[in-house]
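Dear colleague,

I am handing over a structure that is new to you, and my notes on it follow below. Please read them with the structure open beside you.

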Amino acid sequence: MPAGLFGEDATPPAPRLDAAFYVQVAVERGVDAEPRGFTYAVPEGVPSLGDLGVGDRVTVPLGRGDKPVQGFVVAVSDDPPAGVEAAKIKPVRGRLGLAVKLPADLVGLAGWMSRYYACPIGMTLATMLPASVKHGTGVSVRRSYRAAEGKRGSGEAEKRGSQQKTTKLQRAILESAGAGWVERKELLERAGAKTAGPLQKLLEAGRLEERSEEVVTGNLDAVAPPEADAAQRLEPAQRDAVNAIVSRFGSFHVDLLHGVTGSGKTEVYLQAIAKLRELEPQACVLVLVPEIALTPQTVGRFAARFGGSSGPGAAGVAVLHSGLTPGQRHAHWRRVSEGTSRIVIGARSAVFAPLPRLDLVIVDEEHDTGYKQDQLPRYHGRDVAIKRAAMAAGGRGCPVVLGSATPALESYARALPGKRRSEEAKKSGSQAGWSLLSLPDRVAGAKLPRVEVVDLARERRERKGVHLLSRRLEAAIAETLDGGGQVVLLLNRRGYANYIACPDAGCGWLLTCDHCDALGVYHRHDHVPAGRTERVSASGFRLPKGNVRCHHCGAERRLPTHCPDSGHKLSVFGMGTQRTEEELIRKFPGLLSGGGSAAGAASVTRMDADAMRSAADYQRALAGFVSGETEVLLGTQMIAKGLDVANVRLVGVVSADTALNLPDFRAAERTFQLIAQVAGRAGRGRDPGTVIVQTLVPEDATIASATRHDYAGFAERELGIREEAGLPPFTRMARVVCRDLNRRKAEAAIGAVHAELVAADAALGTGVAVTPPAPCAIERVADHFRFDLRMTGADAGAIQKLLAAVRSAGHLTSNAAMAVDVDPVSMY
DNA sequence: AGCACGCCGACT
DNA sequence: GTCGGCGTGCTC
C-alpha cells in the first residue's frame with residue numbers, strides 16, 4: 001500500500017494480526033467452503049493454541065456478527081493461502097475438548113467424502129465425532145494429591161503455610177499423602193476426614209500438590225463377557241478364503257467373500273483376524289455390520305474369541321452403534337482412540353472409529369442398504385470403508401473383505417473375473433485389486449433348504465375368503481409345530497391392511513394420506529382392552545379398534561367407517577404383519593400371541609418396527625425365539641438378518657411380491673436378496689428345512705432363481721438387463737431432489753439445477769446424461785412437493801467432475817430444499 | 001445452517 | 001408514517 005494513503009480522514013488499516021501461524025477451519029455449518037475451509041489466524045502467545053494441529057476442534061468467529069461457531073482444523077500453515085484477503089482473516093477464539101481430537105487420517109477421509117458426496121466438509125467432520133465424545137459425556141476428573149516438597153518450596157506458599165496452624169486432621173492428611181500420588185477419596189478415608197475442608201485448606205496453603213486427570217466412566221458392558229468359543233475346523237473353501245485374505249495383509253485389496261447362508265463367513269473373518277494378530281500384535285481391525293443392535297450373536301462371537309471390552313486387562317473388542325448409551329459410546333470411543341481396543345465392531349458410523357492404525361477392514365452383509373445414510377452426509381458405509389482402507393497406512397492401504405450371501409451387483413460386477421465386469425473394472429484391469437472368494441456350500445455337510453413356490457393367484461381362485469396363509473403353508477406350519485420345530489414367517493409390510501377402500505366398484509374411493517401421495521395403512525392397536533371390537537370389514541371380520549397411519553409422514557387418524565363419496569361401508573383389505581398374526585392365531589388356536597406373556601405357552605412373536613420399539617424389545621424377542629419359547633417368529637425384513645437358530649425347519653415368505661413392484665431399478669435385486677436371506681434361516685441344524693414362497697407370479701425369473709439358490713444365475717441375467725439399460729453397476733448415478741411446500745417452486749428449483757447440469761456437461765464434455773426433471777414417484781410427502789432428476793455417467797469420475805463444477809458455482813446446495821444423493825440406493 | 005440486509009403489506 | 005413478512009446472499 002502506498003504510504004500516506006491513510007490520512008486523518010481515511011479509515012485506518014486493519015491492524016496486522018500478530019499471528020504465530022494460520023489454520024484452515026471447517027466450520028460445523030452448512031457453509032460449503034470446499035475444499036479447504038476458512039483461514040483463521042492463531043494469535044501469538046496463547047499457550048493453549050500453540051500446538052493446534054489437524055483434527056483439533058476450535059471455536060471461531062463467523063459472519064458479520066462474529067458469531068462463535070465450532071469447527072475442525074483441517075490444515076496448518078505458516079502463511080495464509082494465496083487468494084485470501086489478509087484483512088478478512090480473523091483470529092481463532094479458543095480450543096475445544098483438549099483431550100479429544102479427530103485422527104488426521106479421518107480428516108483426510110472427510111475431505112474425500114465431502115467431494116464425493118457433495119456435502120459441506122464441516123458437516124462431514126461433525127458426523128465423524130460422536131456427540132457424546134464432543135460433549136464429554138461420562139467424563140469425570142480424578143484428583144490425586146501428594147505432600148508438597150517440604151522446605152524446598154519457595155516464597156509465598158511457604159509463608160502462607162507457616163502462618164496457619166496445622167490441625168490434627170491436616171497433619172493426618174499430609175502423612176497419608178506422603179510423597180506418592182493418592183486419590184482424593186482414598187486420602188480422605190485414610191486420614192479419617194469426613195469432609196474435604198482440611199484438604200482444601202492444605203491445598204490453598206500450598207502444602208499439598210494436586211494432579212487431575214480425566215476419566216471416562218461410561219461402562220463397557222455392552223460387549224458380552226467372553227464365553228468359550230473355540231476356533232472351528234475350517235472347510236477347504238473357508239481355508240482357501242482365509243489364506244487369500246492373509247496373503248493381502250500389508251496392502252490394499254478388496255475380496256468379495258460370496259458365501260451361501262450358513263457357509264461360515266464369520267468364522268473366516270475370525271480366523272483371518274486371529275492370523276493377522278499373530279503376525280502383527282498391534283494390528284487394528286474394523287468390522288462393519290448392518291445394524292449391530294440387531295446382531296448381538298455376531299458381537300458375542302468376536303468378544304468370545306478376542307476378549308470383551310470389560311473385565312481385567314481386556315484389550316479386545318469395542319462396539320460402536322446407536323444402541324449404546326452416550327456414556328458407553330464415549331467410553332468405547334476412547335478405548336479405541338487410545339489403542340486399548342484394537343478390534344471395533346459397529347454399524348455404519350463405526351467406519352469413523354478413531355483407530356490409531358488400520359490393518360484389515362471387514363464389511364459383513366455388504367449388500368445391506370442400511371449402510372447408506374439417508375441424511376447428510378449421504379454416504380455409503382461400505383464404500384467409505386473401502387476408501388478408508390485404500391488410504392490407510394500412509395497410502396499403502398490395507399485389505400478389505402466384503403461378505404455376503406447375496407452380494408450387491410455393484411460389488412459382484414467389480415469382483416467377477418469374467419465378461420460381466422463393469423466398465424470401471426475392465427478399464428483398471430487386474431490392478432483394480434478386487435477378487436471373488438466363494439463359499440459354495442454350507443459347513444459340516446449341511447444342505448440348503450428345499451424351496452417350494454405357492455401360486456397365490458391360483459389359491460385365490462380355488463378358495464373362498466381372505467387367506468394370507470395358503471393351504472400348503474398352513475399345512476407345513478402345522479406339521480413343523482407338531483414335530484417340535486420352529487417357524488419363521490416373513491412379510492415385508494407393517495400394519496394390518498394397506499387398502500381402505502369403498503367396496504362400490506363404481507365409486508373406487510381409496511383412503512390416502514392428507515399430507516402425502518400415499519395410501520393410509522390400517523394399524524390395529526396392539527393391546528386391545530378385552531371385549532372392545534368394532535365391525536369394520538365388509539367381509540365380516542370383527543376388528544379391534546385401530547388407526548390409519550401414513551408410513552411416509554407418520555400422520556395418524558381414526559379409521560372412517562363410511563365412504564365420504566358414496567356413503568358405503570368401507571372395507572379394509574391388503575396384507576400386513578398384524579393381519580398375518582391374526583390369521584395365524586385363528587388357524588392355530590394353540591398359539592398365544594405376544595411371545596412369552598404366558599409362561600411355558602407355545603407362542604407367536606411379531607417382530608416389526610411397531611412391535612419392537614427399542615433394541616431391548618428386540619433382544620428379548622430374539623432371546624425368546626432362540627430359547628424355543630417362541631415357536632413362530634413373524635415379521636418384516638428385520639427377521640431376515642443374521643438369525644441363526646438350529647431348530648428353524650420352516651420359513652414362509654407370505655408374499656414375495658412386495659418388493660418386486662417398487663418403482664426402482666433394483667426391485668429384482670431386493671427381491672432376490674430378501675428371499676435368499678430369509679430362506680437362509682432354515683436348516684441351520686441337521687434337517688435342511690423347507691422354505692415356502694408365496695407369490696402371484698410364480699413364473700417370475702427372479703423368484704425362480706431365488707428358489708434354486710442360484711445367485712450366479714440371477715446376477716448373470718440381471719447384469720445383462722442393467723448393461724442393456726445403461727444402469728449401475730455399468731454406470732454411476734447421482735440424484736438431485738428438490739422439495740417445497742409450493743409445487744411450482746420445487747419445479748422451478750429442479751429446472752434451474754437441470755439447466756446448470758446440462759450446461760456444465762456440455763462445457764466440460766463429461767458425457768453425463770441428465771434426465772429431465774420429473775415429479776418423484778411419491779410426489780408429495782408431508783405437504784412438500786418433490787421433483788427429481790438423475791445423472792448417469794460412465795464412471796464415478798465423470799459424475800464427480802460435473803457435480804464439482806456445478807457445486808463450486810453455487811448451484812448445488814445441500815439443505816432442506818435440495819438434496820444431492822450420490823450412488824443412491826433408493827430411487828423414490 | 002444461521003444471520004443480516006433488504007424491499008413490500010397491516011398496524012399505532 | 002413504522003413494524004415485520006421471509007426472499008437473497010454471504011460467511012476466512
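A residue to begin with is Arg248, which, leaving aside residues up to four places away in sequence, touches His253, Asp255, Pro399 and Ser435. Please keep in mind throughout that this is a predicted model. Arg248 belongs to helix 8, which covers residues 236-248. Is Arg248 buried or exposed? Its relative accessible area is 19%, and because buried means under 20%, Arg248 counts as buried.

With a relative accessible area of 2%, Ile639 is buried. Residues up to four places away in sequence again being set aside, Ile639 touches Val488, Leu489, Leu490, Met607, Leu633, Leu634 and Arg681. For one of these, Arg681, the separation from Ile639 is 42 residues in sequence, while the distance in space is 9.0 Å from C-alpha to C-alpha.

Two pairs of helices come next. The axes of helix 1 (residues 104-116) and helix 2 (residues 121-128) come within 9 Å and cross at roughly 130 degrees, which means that helix 1 is oblique to helix 2. The crossing of these two helices is right-handed. On the side of helix 1, the contact is made by Leu106, Val107, Leu109, Ala110, Gly111, Met113 and Ser114, and on the side of helix 2 by Ile121, Thr124, Leu125 and Met128. Sorted by class, this contact of helix 1 with helix 2 has 8 nonpolar and 3 polar residues, with no charged ones.

In the other pair, helix 5 (residues 168-177) and helix 7 (residues 197-204) pack at an angle of about 70 degrees, and their axes are 9 Å apart; helix 5 is therefore roughly perpendicular to helix 7. Leu169, Gln170, Ile173 and Leu174 of helix 5 make this contact with Pro198, Leu199, Lys201 and Leu202 of helix 7. The residues of the contact of helix 5 with helix 7 comprise 6 nonpolar, 1 polar and 1 charged.

Finally, please look at helix 21 (residues 711-725), whose 15 residues should span 21 Å at 1.5 Å a residue, and whose end C-alpha atoms are 21 Å apart, in agreement with that expectation. The buried residues in helix 21 are Tyr711, Phe714, Ala715, Glu718, Leu719, Gly720 and Arg722. What covers them includes strand 10 (253-259), helix 13 (409-415), helix 19 (667-679) and helix 20 (701-707).

Conventions
Residues numbered from 1 in each chain as written. Chains lettered and ligands numbered in written order. Predicted model: local features only at pLDDT ≥ 70, side-chain atom pairs only at ≥ 80, totals over all residues. Heavy atoms only, no water. Axes fitted to C-alpha atoms, helices over the stretch in contact; angles between N-to-C directions. Helix = DSSP H or I, 4+ residues; strand = E, 2+ residues; numbered from the N terminus. Parallel < 35°, antiparallel > 145°, perpendicular 65-115°, else oblique. Left-handed = near helix turned anticlockwise from the far one by under 90°. Contact = heavy atoms within 4.5 Å. Nonpolar A, V, L, I, M, F, W, Y, C, P; charged D, E, K, R; others polar. Expected span 1.5 Å × (residues − 1). Buried < 20%, exposed > 50% of the residue type's maximum accessible area, 1.4 Å probe, protein only.
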